[in-house]
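This briefing accompanies the structure displayed below.

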Amino acid sequence: MTEEEIMRPENLVYKKPALLNDNPMHYCPGCSHGVVHKLVAEIIEEMGMEEKTVAISPVGCAVFAYNYIDVDWVEAAHGRAPAVATAIKRLWPDRLVFTYQGDGDLACIGTAESIHALNRGEHIAIIFINNAIYGMTGGQMAPTTLMGMKTSTCPYGRVADLHGYPLKFTEIAATLEGTCYVTRQSVHNVAAIRKAKKAIRKAFENSMAGKGASLVEIVSTCNAGWKLSPEKANQWMEEHMFKFYPLGDLKDTTAITEDSL
Amino acid sequence: MAEKEVVLMKGNEAVAHAAIRCGCDGYFGYPITPQSEVLETLALEKPWETTGMVVVQAESELASINMVYGGGAAGKRCMTSSSSPGVALMQEGIAYMAGAEIPGLIVNVQRGGPGLGSIQPSQSDYFQATRGGGNGDYNVIVLAPASVQEMADFVDLAFELSFKYRNPAMILSDGVIGQMMEKLVLPPFKPRRTEEQIQEECPWATMGRKKERRPNILTSLELDCGKMEQKNLHLQAKYEEIREKEVRFENVLCEDAEYLIVAFGSAARIGLKVIEMCRAEGIKVGLLRPVTLWPFPAGEIARLGRRVKGILSFEINAGQMVEDIRLATDGQVPVAHYGRMGGVVPAPDEVVRALKEKLIQS
């Protein structure tokens, strides 16, 4: 087959979502953000919500998410995205409103806003990128930094008596009456990416169906912050992060499963 | 013409009723004395069943102001109310609103400070309100009501100004105006804006991208310092336009006055009695009441300053607005201050005495 033959539209099996523009991403090679951005853009397109989406970006690496996905964006103060989303969704109930936040934003400085928006059952979706480190500011300790893990503000490793323990925010979210869907995913291989996409799609559908608040944690790599190659970062994540942050659904009140029938 | 709806109510209640009537889309608040009646009144009135206005009791003032930020970003008329310590907590959000040019209304029913302070009336947040309050070079449009009527009327005015200039606006009230009951004429009902009206009036709003336009992005962030300076220059030009066009004040018996009292809000109410008492003694005193604290009526004060023997800045604080009066008059006339702090509201005779001691006898 010639190149021209391969390039025919009917042979197309994959393409970049139109919502994902051509701006070069500032994310480091190997970082999970790029994959998650692509999934978000694909899902918005598949749901036909291009004209009805309002997204809220955090403070952290994803602050510039608005440079890459061509929907309307509000950039929130550090940690306040769920409060910003609360108002937008209440005032425009037919819009798809989601926040995209990192661990420092969501599970540290914005813990109160996150818990209360989820607990009020706001019909929003929260995408929670957990890479156990503050990436944007250069690799400081996060609320989710694992015990023993070295960062620039715990250079000898995280120890309980100095730094306390890593926070399992998603486990907390699952206990809240207002959440309908709480899940923990990853994007380190194709199978995981497919699962993560389904999870984000479900969270967005829940938002539009008015079923309550959804939280999708994506256990992610920060190979630059972790000081590992992209490949090693994925291995390290599988070996260490998944032990403390096991993947899978923690809560789903929307599903009709075989067990519940 | 429909008959005027004259009612008797607290200033805080008037704010709530005015919000429902002026097409406010969302109120987001957190309880704090002495302004909790705003949220309580809204909860009783259930405007979500009538006008469709959204009312949310937030988890903190931080959340409240960021809900206002989000709602305003989406083109909606949104407001919050609080009292001094709560408004201190909101400063981050207000700075972000100014930076991202998001409109919205903040009502501060001031109490004594600093810190947790007292729950009695004060005007000690003048600096915080008129100097920006948060980080960066910015200004908030500040209206100072001196009656329950103005508490109601300024809600719509603040929204109008806020959306006109895409800038946060504040009603700087205090525990006196918030808690006292007075007769007022309720403002007429004005419907909430439709989606089409918002699309037209707020083409910048983040309410879903229509195909023909680029995405709207509302942010205060710009890492390129050259671009950030341009953004600042744009903001400063806007503030200059507001200074030129939006100064509001009230003049009471100023034209024949030998001495001038400058007072805002509840202090101006006391000031009315003070000029009456002074004039009964044969001292010609006038009252200049700034209605907008920012932009400040510097021009009018400078004009009057050239005609009087002295100016007393009467504020319920340690002396904050007095600095703006001194800047406006630039050493051309003696300027003194009298005030009480911590929630103590001065009596008119104290102010008369202060005027004599600080300006007439000296």
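In chain B, B:Asn251 stands opposite B:Leu288 of E12(B). The strands concerned, E10(B) and E12(B) (residues 285–290), pair in the antiparallel sense over four bridges. The model is a predicted one, with ipTM 0.96 and pTM 0.96. For chain B the mean pLDDT is 97, and 99% of its residues reach 70 or more.

**The five-strand sheet of chain B**

- The strands of this open sheet follow the order E10-E12-E11-E14-E15 in chain B, and their pairing is mixed.
- E10 (249–252) and E15 (335–338) of chain B stand at the edges with a single partner strand each, so one side of each has no neighbour in the sheet.
- On average, neighbouring strands of the sheet are turned by 20° against each other, direction ignored.
- Helix H11 (residues 265–280) of chain B packs on the sheet, where it touches E10, E11 (259–262), E12 and E14 (310–314) of chain B.
- The direction of H11(B) makes about 170° with that of E12(B).

**Helix packing in chain B**

- H3 (residues 61–73) and H5 (residues 91–100) of chain B pack at an angle of about 15°, and their axes are 8 Å apart.
- H3(B) and H5(B) are therefore roughly parallel to each other, since angles under 35 degrees count as such.
- The crossing of H3(B) and H5(B) is right-handed.
- H3(B) contributes B:Leu62, B:Ile65, B:Asn66, B:Tyr69 and B:Gly72 to this contact, while H5(B) contributes B:Gly93, B:Ile94, B:Tyr96 and B:Met97.
- By class, the contact of H3(B) with H5(B) comprises six nonpolar and three polar residues, with no charged residues.
- H12(B) and H13 (residues 321–329) of chain B pack at an angle of about 65°, with axes 8 Å apart, and their crossing is right-handed.
- The contact involves B:Ala298, B:Ile301, B:Ala302 and B:Gly305 from H12(B), together with B:Asp324, B:Ile325, B:Leu327, B:Ala328 and B:Thr329 from H13(B).
- Six nonpolar, two polar and one charged residues make up the contact of H12(B) with H13(B).

**Backbone geometry in chain B**

- Most residues other than glycine have a negative phi, and most peptide bonds are trans.
- B:Glu101, although not a glycine, has a positive phi of about 55°; B:Glu101 lies in the loop between H5 and E5 of chain B.
- The peptide bond from B:Gly113 to B:Pro114 is cis, with omega near 0°, and B:Pro114 lies in the loop between E5 (104–110) and H6 (126–130) of chain B.
- B:Trp294 and B:Pro295 are joined by a cis peptide bond with omega of about 5°.
- B:Pro295 is in the loop between E13 (292–294) and H12 (298–305) of chain B.

**Interface between chains A and B**

- At the interface, 29 residues of chain A are in contact with 34 residues of chain B.
- On the chain A side, the elements giving two or more residues are E1 (53–57), E2 (72–75), H3 (81–91) and H5 (111–119) of chain A.
- H3(A) supplies the largest share of that side, eight residues.
- The chain A residues that touch chain B divide into 16 nonpolar, three polar and ten charged.
- E2(A) runs parallel to E9 (residues 217–218) of chain B, and two bridges join these strands.
- A:Trp73 stands opposite B:Ile217 in E9(B).

Note on methods
Residues numbered from 1 in each chain as written. Chains lettered and ligands numbered in written order. Predicted model: local features only at pLDDT ≥ 70, side-chain atom pairs only at ≥ 80, totals over all residues. Contact = placed C-beta atoms within 7 Å. Nonpolar A, V, L, I, M, F, W, Y, C, P; charged D, E, K, R; others polar. Pairing = 2+ DSSP bridges. pLDDT = per-residue confidence, 0-100. Axes fitted to C-alpha atoms, helices over the stretch in contact; angles between N-to-C directions. Parallel < 35°, antiparallel > 145°, perpendicular 65-115°, else oblique. Left-handed = near helix turned anticlockwise from the far one by under 90°.
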